[in-house]
Amino acid sequence: MSDVTAYAPATLANLGPGYDVLGLALTGLGDRVVAAHGEPGAGVTLDGVLNDAGRLPRTAGANTAAVAATLALQALEHPADLRLTLHKGTPHGAGLGSSAASAVAGALAAATLALGGHLNDAGHRRLLDACVEAERVAAGVPHADNVAPALLGGVVLIRRYNPLEILPLPAPPDLRVVVATPGFSFSSREAREVLPEQVRLSNATSNSANLGALVAGFFRGDLELIGRALMDDAIVEPIRAAMIPGYRRVKRAALDAGALGVSIAGAGPSCFALTGSDRDATRIALAMETAWAAEGVTARAHVGAIDTQGARLVGGLAG
Ligand code: HSE
C-alpha cells in the first residue's frame, strides 16, 4: 500500500440548545487527506494544503490534520513516518467543522496506512479520542460535537466528556439542511470567548427541555419538533447572533420561505435551516442568500442531507 486517501464530512455542531453535545454530519462538503510514506525518522509531516486560499497553517504542529494523525499513531502505538496532503472541501472559519473534518480525515488516512488496512472498533475509538484532543489546536479546548459526527456519521449526542460517551441518534432520511455561509468568518475560539461562565437557572431549564425535545424529535423522525426545539436556545444563540451581521434578517427570510427551524451552524457565522422538502430547500437557500445580500454580504448556500457514512476511505482503498 503506497498511499491512502480518507474523506471526512463537514458537520453541524450544537443544533441550537445542544451546545457542545449535539452534532450531525452533512453531505456534499468535506475534507480529503492523502497519506503517503515519508522520510525515515521524520514522523508525520504536512506536504501541502490545497483549496484553502492559503489560510490554514502549513506546519504539522498547528494543522489539525497532522496533529490528529500524530496523536492517533501514538494512541494506536504504531509510530510511522508519513507525509500528508490536505485537500480542503469544508469552508474554513464558517462553523461547519472545518478543523474536525481535517483532523478526522488525517487520523483515518494515517492510521490506515500505518496499520496496513482497515481499523477495528477499538482502533476507531482511539481515533476519536485523538481527534477530540486535536480540536484543542483550533478551539482552545477539546470538544467532540464536530469530530464525533465527522468520524461516525449521522447524528450524535455526547453524553459526557470524561470519559467520552457518544450516543448515536436516528438520522431522518428526508431531513434537508440548508447552510448559508457568508463571506466573513471568525474562529471557534473567538465565538467561545464571548460565552458566559455561568447561566441563569431558568435558561438552563429551557435548554434542557429543548435538548430533550430535539432527541425525541430525532427518535420519532418528527421534523417539525426538531425545527421547533432547535429554535429555542436561551443561552448561546442570543449572544452569538450579535457577532453575525444580518443574522436576524437571514433567519426571518428562511422561516418565511418555509424552514422548520433555523439556527447558527456550530460556532458560526454560517446559519442553517431545516426542511423536509427538496423544493423548499431550494427556495430557502435563495431566500437566505438574498437576505444576506440585502445586508451587503455575499453568501453561498449549500443544500445537503445527513451523511450517515461518516469518515471513509476513498480511491484505491474505498470499501
Ligand atoms: N460546540 C462548538 C461551539 C462547536 O459551539 O463552540 C464549534 O465548532
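Mentor: The residues around the ligand are Ala-13, Asn-14, Tyr-19, Asp-20, His-143, Asp-145, Asn-146, Ser-188, Arg-192, Arg-240 and Ala-267; a residue is near a molecule if one of its heavy atoms lies within 4 Å of it. This is a predicted model, in which local features need pLDDT of at least 70 and side-chain atom pairs count only at pLDDT 80 or more, while totals for chains, interfaces and linings use all residues. Residues are numbered from 1 along each chain as its sequence is written, and side-chain values use heavy atoms, with hydrogens and water left out.

By class, this shell has three nonpolar, four polar and four charged residues (Ala, Val, Leu, Ile, Met, Phe, Trp, Tyr, Cys and Pro count as nonpolar, Asp, Glu, Lys and Arg as charged, and the others, Gly among them, as polar). Domain 1 (3-171 + 307-315) and domain 2 (176-304) both give residues to the shell, so the ligand lies between them; the domain bounds come from an automatic or database domain assignment.

Now the polar contacts, that is, pairs of N or O atoms within 3.5 Å. Asn-14 has a polar side-chain atom 2.7 Å from an oxygen atom of the ligand. For Asp-20, a polar side-chain atom lies 2.5 Å from a nitrogen atom of the ligand. The side chain of Arg-240 has an N or O atom 2.7 Å from an oxygen atom of the ligand. On its own the ligand has 260 Å² of accessible area, and the protein covers 97% of this (Shrake-Rupley method, 1.4 Å probe).

Asn-14 is not a glycine, yet has a positive phi of about 80°.

Notes:
Polar contact = N/O pair within 3.5 Å; in protein donor to acceptor, adjacent residues only side chain to side chain.
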